[in-house]
Amino acid sequence: MLEVINLDKCFSSGGMMKKKYIKVVDRISFQIGRGETFGLVGESGCGKTTAGKSTLRLIEPTSGKIVFDGIDVTKLKTKEMRKLRPRMQMIFQDPDASLDPRMKTERSIAEPLRLRGGLSKREIEERVMELIETVGLNPEHAHRYPYQMSGGQNQRVVLARALASNPDFIVADEPTSGLDVSVQAQILKLMNELKRDLNLTTMFITHDLEVVKHMSDRMAVMYRGKILEMGETENIFNCARHPYAQLLIEPQPSEDLGVQDAESENRNGDRPGCVFYPRCPFAEKNCMEKEPEMIKMNRDHQVLCHLV
Ligand code: SF4
């Protein structure tokens, strides 16, 4: 369904004289099969949200190729991209920020249907009520504003809105991170049901390993803009091979895996070697000098490390 090849995203900072480029996504490649959930996991600031937005061209990638259902998305002009947009949707972290506070639920969900055109007023109303039921809300929620709903209910509205255009592919960026644990579980259950019933292909972005373990068929571990390990979720949880993935899955008491400052660290910018070199307990001289290449452990397990 989706193939991303050598995707790069750089941002510039500073004025004309002191322009500095920060590579936030660094030549990542991955594939997602139809109906599959692909987890993208990593610490805050590792570039996973930028990777998701670039994949949908919500922000323009600096370079690389994105092929969606046989279409080279990177070559599409704005008008062609607009036509494709209903098939590729994104769900953001904060439902309150995604919904217009002045719109009742029914209007929020109906908006993408109206914009797409081709449906009568009555058909739109019927579809809205169908979507409200699909995401587990009650008909009376249709007449409520976001402030009259809980966080979990609003996230269901966001889901219904994303589903309104019958998408094939959804990028879900930390869709449960602002919710209570019990509500999180309900939303994750709902997303799993939608995947099963609608055969949705999903890219699930999260920093929460339990969530990625529960939700994804395959996963990739990101660190400072790079994918360091990728494969079937079960394989990675049972037998992570990259030192960083191992630390992430089974953190050592001495290892600080706290939030990285993405802005202050120019990722691998000026340094030729492995991006994980400064923190790697197994680093050798070679690691500082030469950037590792992806090594295929088997058909669907790849690791970016010299020592594997
Ligand atoms: Fe560690 Fe070297 Fe592997 Fe990088 S390439 S993860 S520094 S062992």
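This note goes through a predicted model in numbered points, from the open sheet to the helices and then to the remaining strands.

1. On the basis of the model: because this is a predicted model, local features need pLDDT of at least 70 and side-chain atom pairs count only at pLDDT 80 or more, whereas totals for chains, interfaces and linings use all residues. Residues are numbered from 1 along each chain as its sequence is written, and side-chain values use heavy atoms, with hydrogens and water left out.

2. On the open sheet: four strands stand in the order β2-β1-β4-β5, with antiparallel pairing, where helices (H or I, at least four residues) and strands (E, at least two) are DSSP runs numbered from the N terminus, and where two strands pair if DSSP finds at least two bridges between them. The edge strands are β2 (20-32) and β5 (71-72), each of which pairs on one side only. Nine bridges join strand β1 (residues 2-13) to β2 in the antiparallel sense, and lysine 9 stands opposite valine 25 in β2. Helix α1 (residues 48-55) packs on the sheet, touching β1, β2 and β4 (63-68), and its direction makes about 115 degrees with that of β1; here axes are lines fitted to C-alpha atoms, for helices over the stretch in contact, and angles run from 0 to 180 degrees between N-to-C directions.

3. On helix α5: the 14 residues of this helix (residues 121-134) should span 20 Å at 1.5 Å a residue, and the end C-alpha atoms are 20 Å apart, which agrees; the expected span is 1.5 Å times one less than the number of residues. Buried in α5 are Ile124, Arg127, Val128, Leu131 and Ile132. They cover an arc of only 140 degrees around the axis, which puts them on the same side of α5, the arc being that of the directions from the helix axis to the C-beta atoms. On the other side of α5, Arg122 and Glu133 are exposed. Buried means under 20% relative accessible area and exposed over 50%, with partly exposed in between (1.4 Å probe, protein chains only).

4. In α4, the buried residues include Thr105, Ser108, Ile109, Ala110 and Leu113, and what covers the buried residues of α4 includes α5 and α6.

5. Strand β3 (residues 37-41) pairs with β9 in the parallel sense over four bridges, with alanine 220 as the bridge partner of leucine 40. Strand β10 (residues 226-232) runs antiparallel to β9, and six bridges join them; tyrosine 223 stands opposite lysine 226 in β10. Two residues lie between the strands in this hairpin, where arginine 224 takes a positive phi near 45 degrees.

6. On threonine 201: this residue lies in strand β8 (residues 201-206) and is buried, with a relative accessible area of 0%. Leaving aside neighbours within four places in sequence, the contacts of threonine 201 include Met1, Ile32, Gly33, Asp168, Phe169 and Ile170.

Key. Contact means heavy atoms within 4.5 Å.
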